[in-house]
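I opened this model to look up its salt bridge, its cores and its pockets. My entries follow.

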Amino acid sequence: MSKKRWIIVAVLILAAGICAGVAISQISGASIRKLASYSDIPEEEETEDAEEEAEEAEETAQASVEEEPETVKETEEEDYESPIDFVSLQEINEDVYAWIDIPGTEISYPILQHPTDEEYYLKRDIEGNYDSNGSIFSQASYNTNDMTDPVTVFYGHNMKSGAMFGNLEETYSDAEKFAEYNEIVIYLPEEELHYQIFAAVPYSNIHILDYYNMNNENRFETFIDTIWSARGFGVNLDESVDVSWGDRIIVLSTCQSGGSTRYLVLAKLIDDDIDDQ
């Protein structure tokens with residue numbers, strides 16, 4: 001091959017290499033740009049405006065975090081949904097206004113209140129039919145049905161089958177069970193109330209709310225004093241629980257086994273699930 005031809009071939013090879021290099025460079029650039037489109041990583045170069053925008057964004061995010069608890073609280077209050085289907089219960093009987101549950105025990109029942117007949121649910125079920133078990137109920141002459149009274153009393157039979165408050169005395173006269181099952185939850189359509197049990201005592205057969213005017217501070221404190229001073233078999237007290245005027249108390253009341261006296265379990269409101277969230 002002549003020298004002239006060698007020169008032509010060399011020039012052609014060099015030109016082809018340059019074109020290939022440009023093509024590879026273009027392909028690589030396109031691939032990098034495509035990969036970058038899937039990434040949120042910002043470019044390294046930042047202007048002063050970009051830095052200011054980043055700082056403002058960070059301050060806004062921090063403010064949102066600081067405001068979040070209040071927002072969450074409002075949302076939770078608005079979105080509270082009771083685990084109890086009160087709509088269905090009240091379709092059966094509009095006298096149903098609450099539900100009592102003692103976690104860990106078999107006590108979990110609707111609470112009723114007849115507007116005029118104090119003894120109506122003594123021997124009637126939720127449908128108003130005769131039932132020797134009766135129902136758990138409160139009395140309209142002494143208690144409202146919104147759980148705001150200083151002392152609310154719930155009545156239930158001490159049934160041998162264990163129904164209603166049939167296991168109340170057996171459970172709470174035992175010191176270990178008294179300590180273990182120390183919470184009562186009262187469900188209402190719009191909130192739930194948590195109470196801590198502080199006393200379980202045999203008591204006289206007097207009508208508590210008739211004998212003591214619980215809207216009077218002195219009478220309230222006198223009643224509580226009679227509870228703290230109780231002694232004997234079946235008495236259990238948690239004196240670490242402070243009970244004073246202004247607290248809201250519930251009393252579970254049933255007949256004491258083998259006698260004409262009552263057995264009471266008392267608990268203090270410690271948490272309103274809606275108001276305290």
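**Entry 1: the salt bridge**

I started with Asp247, which counts as buried at 17% relative accessibility. Buried here means under 20% relative accessible area, exposed over 50%, and partly exposed in between, with a 1.4 Å probe and protein chains only. This is a predicted model, where local features need pLDDT of at least 70, side-chain atom pairs count only at pLDDT 80 or more, and totals for chains, interfaces and linings use all residues. Residues are numbered from 1 along each chain as its sequence is written, and side-chain values use heavy atoms, with hydrogens and water left out.

What does the side chain of Asp247 meet in a salt bridge? I found Lys268, at 3.7 Å, N to O. Asp247 sits in the loop between strand S7 (236-237) and S8, and Lys268 in strand S9, so the pair ties together parts that are 21 residues apart in sequence. Strands (E, at least two residues) and helices (H or I, at least four) are DSSP runs, numbered from the N terminus. Lys268 is buried too, with a relative accessible area of 14%. I counted 1 salt bridge by the rule: a side-chain nitrogen of Lys or Arg within 4 Å of a carboxyl oxygen of Asp or Glu.

**Entry 2: the cores**

Next I looked up nonpolar cores, meaning sets of buried Ala, Val, Leu, Ile, Met, Phe, Trp, Tyr and Cys residues joined through side-chain atoms within 4.5 Å. The largest has 35 residues, and Phe198, Phe223 and Leu266 touch the most other members. Helix H7 (residues 217-228) gives the most to this core, with 5 residues. Another core lies apart from it, with 31 residues, among them Ile136, Leu168, Leu252 and Ala267.

I then checked Phe198 for contacts (heavy atoms within 4.5 Å). Beyond four places in sequence, its partners include Ile227, Trp228, Leu266 and Lys268.

**Entry 3: the pockets**

A pocket is an open set of points on a 1 Å grid over the protein atoms alone, where a 1.4 Å probe fits, with protein on both sides within 12 Å along at least five of seven lines; lining residues have an atom within 4 Å of a point. The largest pocket has a volume of about 300 Å³, taken as the space filled by probe spheres set on the points.

Which residues lie nearest its centre? Of the 19 lining residues, they are Leu122, Phe137, Tyr155, Ser253 and Arg262. S8 supplies the largest share of the lining, 3 residues.

The second largest pocket holds about 170 Å³ of space. Its lining includes Gly104, Glu106, Asn167 and Lys177.
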